[in-house]
Amino acid sequence: MELLNVRDLKIFCPDNRPLVHGIDFSIRAGEWFALIGESGSGKSISAFSLAGLLPNGLRREAKEIQMLGQDLASISEGKLRELRGTDIAYVFQDYQSAFTPYFTLGKQIDEVMRAHRGWTREERQKKAWDALNEVGLKGAEAYGRYPFQLSGGQLQRAALALAMMMEPKLLIADEPTTALDAISAAKVLDLMARLKNEKGCAVLFITHDLRCVRRYADRIAIMQNGSIIESGEKRKIFENPQEIYTRNLLTSVPPLHNVPRRLPIVGVDLLEGGALCAATRNA
Ligand SMILES: Nc1ncnc2c1ncn2[C@@H]1O[C@H](COP(=O)(O)OP(=O)(O)OP(=O)(O)O)[C@@H](O)[C@H]1O
């Protein structure tokens, strides 16, 4: 069943220069959908624009952004705000920005819950402790901590707890592990996959890390210069990419074994068919 259906999404600069050129994609309920592509191709602004979170000055146009029977392209800012934090939640690369440094995690989580649901104080505290426990933190302890008292990985897990608390239907994760060390990153990704399966929410995952796409994604869309050039089931794209750009991108994933002494550069070290050129073969 389709959860989100985006048709002809365009994003423009303040001077009306197009940044995203009318992309179409859909996300099914409960699936892990990865948006990949080179830096600056428009992945983040496309994802932010879905629930009206574009940076100042950028403008969005879309024929349709259908989710749960509503067209997000035409509903009011108030309705969009309601959707953010309930049906749609975001986790960002910059986990520091999920919390202000001046209040405890508990106070900040409580604010979010109070804004959206009519639970009592005790119920809210219990739910917050449970949510923090669920992401591997000691709930009661973390609840009373300030953000600076947690490590980066712990804070990103707390951000994930906050995002998942309202049981969103769609979690948008924009390079959520880029700022973490490899062990913390693996923990956050495994956790995200577990929560996704347990809660049944879909994930729109923006990343440069093709190894985690291979591991977690169900379907993939590849962006280049503001357009989606190819999309489909993960297996199909990895086994039989249609576009040269996709082939080159996938070939540039570092292997886990026999790691070359240097990594290939897309468009320089790779031939059109994706074969490594002599410089890398002989490295
Ligand atoms: N506030 C802004 N004003 C003007 N241009 C912007 C703004 N934000 C982003 N852009 C431009 O939009 C384009 C797409 O940016 P976006 O951040 O979506 O890329 P991305 O694919 O997510 O890249 P990365 O993987 O590096 O985050 C880039 O050319 C970027 O310079």
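This is a short tour of the structure, one selection at a time.

**Before you start.** The model is predicted: local features need pLDDT of at least 70, side-chain atom pairs count only at pLDDT 80 or more, and totals for chains, interfaces and linings use all residues. Residues are numbered from 1 along each chain as its sequence is written.

**The whole chain.** Of the 283 residues, 35% are buried. A residue counts as buried if 20 or more other C-beta atoms lie within 10 Å of its own, as exposed if 12 or fewer do, and as partly exposed in between, with C-beta atoms placed from the backbone.

**Strand E3.** Select residues 32–37. Because 6 of the 6 residues of E3 are buried, the strand is largely enclosed by the rest of the structure. Trp32, Ala34 and Ile36 point one way, while Phe33, Leu35 and Gly37 point the other way. E3 runs parallel to strand E9 (residues 202–206), joined by 4 bridges, and Trp32 stands opposite Val203 in E9. E3 also runs parallel to E10, with 5 bridges, and Leu35 stands opposite Ala221 in E10.

Which residues does Val203 touch, not counting residues up to four places away in sequence? They are Trp32, Phe33, Leu171, Ala173, Met192 and Lys196, where contact puts two C-beta atoms, placed from the backbone, within 7 Å. The largest nonpolar core has 72 residues, and Val203 is among those with the most contacts inside it, along with Ala158 and Leu170. Helix H6 (residues 152–164) gives the most to this core, with 8 residues. Such a core is a set of buried Ala, Val, Leu, Ile, Met, Phe, Trp, Tyr and Cys residues joined through C-beta atoms within 7 Å.

**The ligand.** Select the ligand and its surroundings. 13 residues surround the ligand, the closest being Ser39, Lys43, Ser44, Ile45 and Pro55; a residue is near if its C-beta atom, placed from the backbone, lies within 6 Å. Helix H1 (residues 43–50) gives the most to this shell, with 3 residues. The shell divides into 5 nonpolar, 7 polar and 1 charged.

**Two loop residues.** Select Glu175, in the loop between strand E8 (170–174) and helix H7 (182–199). Its phi is near 45 degrees, a positive value in a residue other than glycine. Glu175 is partly exposed, with 17 other C-beta atoms within 10 Å. Then select Asn225, in the loop between E10 and E11. Phi of Asn225 is near 50 degrees, again positive in a residue other than glycine, and Asn225 is partly exposed, with 14 other C-beta atoms within 10 Å. Most residues other than glycine have a negative phi.

**Helix H10.** End at residues 244–251. The buried residues of H10 are Thr246, Arg247, Asn248, Leu249 and Leu250. Their cover includes helix H8 (210–216), strand E10 (219–224), strand E11 (227–233) and helix H9 (234–239).

Technical notes:
Ala, Val, Leu, Ile, Met, Phe, Trp, Tyr, Cys and Pro count as nonpolar, Asp, Glu, Lys and Arg as charged, and the others, Gly among them, as polar. Two strands pair if DSSP finds at least two bridges between them.
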